Amino acid sequence: MPDGRPAIPRELERAVLVEAGHRCAIPTCRSVPVELAHITSWSKVREHSFGNLIALCPTCHARFDRGDIDRKAMLTYKGLLNSQRDVNALVRANRVAALVELFETLERLSDHVNKVAIADVADKGTPEGRQALVDDCRAVSPEAKRALDRCKLTFSAETASKAYWLYAPYIAWASDVVDGLWPTTHPGADQHIDDVPEAADDLIAAAALEVDMTEKELWDIISDPGPRLGGSLKKY
């Protein structure tokens, strides 16, 4: 290395390249191949740091070294990369939130529908009592649809389609139960939820690619019930 400088650590090099998409960081260029440049020269800082490194093609690197592109402009290009990274992080956060909302509302819908089904199987209670349980189902159903719509707005069409195929069996099952078609011998009446585990896995697999997380990380977020309330043992 020139000036006796150490090699840039591989992990740091990878992070800088990923930041620029493995292309020249100057938006009007975006050429390949690229090399890493110090925004403030190595001779002044004597260190490799993420904030001071930028990916440039050999032509733009040479222009920077000659002074055709000044340091202030290079800091602007680095800032644009950071801004894009912030935007991407926000997009990913919105996608995760939409996914969590869909799973949570479908779970709540399932809980209310099961209460109606259990009451019907037991064949106890009053019509008014059943109607109250049905009303609870109908209150959650629009929330599930809004959660699905949010997935459609935030994810790709392919992943949104997988969200629909998770949503659809829940709604079909809820409709049959509310309409009193289950339990019954009607050939078209079933719980519709046999395919839910596979549909959920398919959705998580597709969504994980779009939020840059592993499937396990996504499942952990969705399955996290949050802190348990109460039991602080405080005395007043």
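Predicted model: local features only at pLDDT ≥ 70, side-chain atom pairs only at ≥ 80, totals over all residues.

Leucine 166 touches Leu102, Phe103 and Leu106, and also Val196, Ala199, Ala200 and Leu203, leaving aside residues up to four places away in sequence.

The largest nonpolar core has 38 residues, and Leu166 is among the five that touch the most other members, together with Leu99, Leu102, Phe103 and Leu218. Which elements give two or more residues to this core? They are α4 (71-122), α5 (127-154), α6 (157-178), α7 (196-211) and α8 (215-223). Of these, α4 gives the most, with eleven residues. There is also a second, separate core of 20 residues, which includes Cys24, Phe64, Ile69 and Leu81.

Valine 32 and proline 33 are joined by a cis peptide bond, with omega at about 0 degrees. Arginine 30 is placed in the loop between α1 and β1 as well. Although arginine 30 is not a glycine, its phi is positive, at about 60 degrees. Is arginine 30 buried, exposed or partly exposed? It counts as partly exposed, because its relative accessibility is 29%, and partly exposed covers the range between under 20% for buried and over 50% for exposed.

Finally, consider aspartate 212, in the loop between α7 and α8. Its phi is also positive, near 55 degrees, in a residue other than glycine. Aspartate 212 has a relative accessible area of 65%, so this residue is exposed.

How values were computed:
Residues numbered from 1 in each chain as written. Heavy atoms only, no water. Core = buried A, V, L, I, M, F, W, Y, C linked by side-chain atoms within 4.5 Å. Buried < 20%, exposed > 50% of the residue type's maximum accessible area, 1.4 Å probe, protein only. Helix = DSSP H or I, 4+ residues; strand = E, 2+ residues; numbered from the N terminus. Contact = heavy atoms within 4.5 Å.
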